[in-house]
Amino acid sequence: MIDHYNAFISYKHEPKDIAIARNVQKSLERYRIPKKLRESTGVNKIDRIFRDTDELPLTSDLSETIYDALDKSDYLIVICSTKTKESQWVNREIEYFISKHSRKNVLTVLVDGEPSEVVPEILTYEEKTIIDEKC
């Protein structure tokens, strides 16, 4: 069982989105980190990217496997297209990831459309609670 992913790719299972997700995964896994960045961060390469069609085992409980992979991922990459907002799974994955990790670790890839039209609503705002201790 894998214990760490550099990133988890979330996308709607539509032909264009699948192709982009596959290309993002391959490009990241083949990316050669520049020497200065390797030296300053200690990270030598991107080891593993989770994309469901490549990483899911044959199991009866897919949601448990997905949530486990999200827990073990440093970043969430959301493929955003005109079909993304139709996906309940993409929204669930985003909500779960944000509940366990920093919102700053969510990246978006714009496939088509305008950001205001395709980026899931949960990524367009951030709730903050401010407590005034003077009251």
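Let's begin with a pair of residues you can find in the picture: Phe8 stands opposite Phe50, which belongs to strand β2. Keep in mind as you look that this is a predicted model.

Now widen the view to the whole sheet. Four strands make up an open sheet in the order β2-β1-β3-β4, and their pairing is parallel. At the edges you will find β2 (49-50) and β4 (106-110), each of which pairs on one side only.

Next, look for the helices that lie across these strands. Helix α1, residues 15-30, lies across β1, β2, β3 (73-80) and β4, and runs at about 145 degrees to β3. Helix α5, residues 88-100, lies across β1, β3 and β4, with an angle of about 150 degrees to β3.

What about the nonpolar residues? In soluble globular proteins, nonpolar side chains tend to be buried together. Here the largest nonpolar core has 18 residues, and the members touching the most others are Phe8, Leu70, Leu76, Val78, Ile94 and Leu123.

Beyond its neighbours within four places in sequence, Leu76 is in contact with several residues, including Phe8, Leu70, Ile94, Phe97 and Val106. Finally, look for a second, separate core of ten residues, among them Ala7, Ile9, Tyr11 and Ala21.

Terms used
Residues numbered from 1 in each chain as written. Predicted model: local features only at pLDDT ≥ 70, side-chain atom pairs only at ≥ 80, totals over all residues. Heavy atoms only, no water. Pairing = 2+ DSSP bridges. Helix = DSSP H or I, 4+ residues; strand = E, 2+ residues; numbered from the N terminus. Contact = heavy atoms within 4.5 Å. Axes fitted to C-alpha atoms, helices over the stretch in contact; angles between N-to-C directions. Core = buried A, V, L, I, M, F, W, Y, C linked by side-chain atoms within 4.5 Å. Buried < 20%, exposed > 50% of the residue type's maximum accessible area, 1.4 Å probe, protein only.
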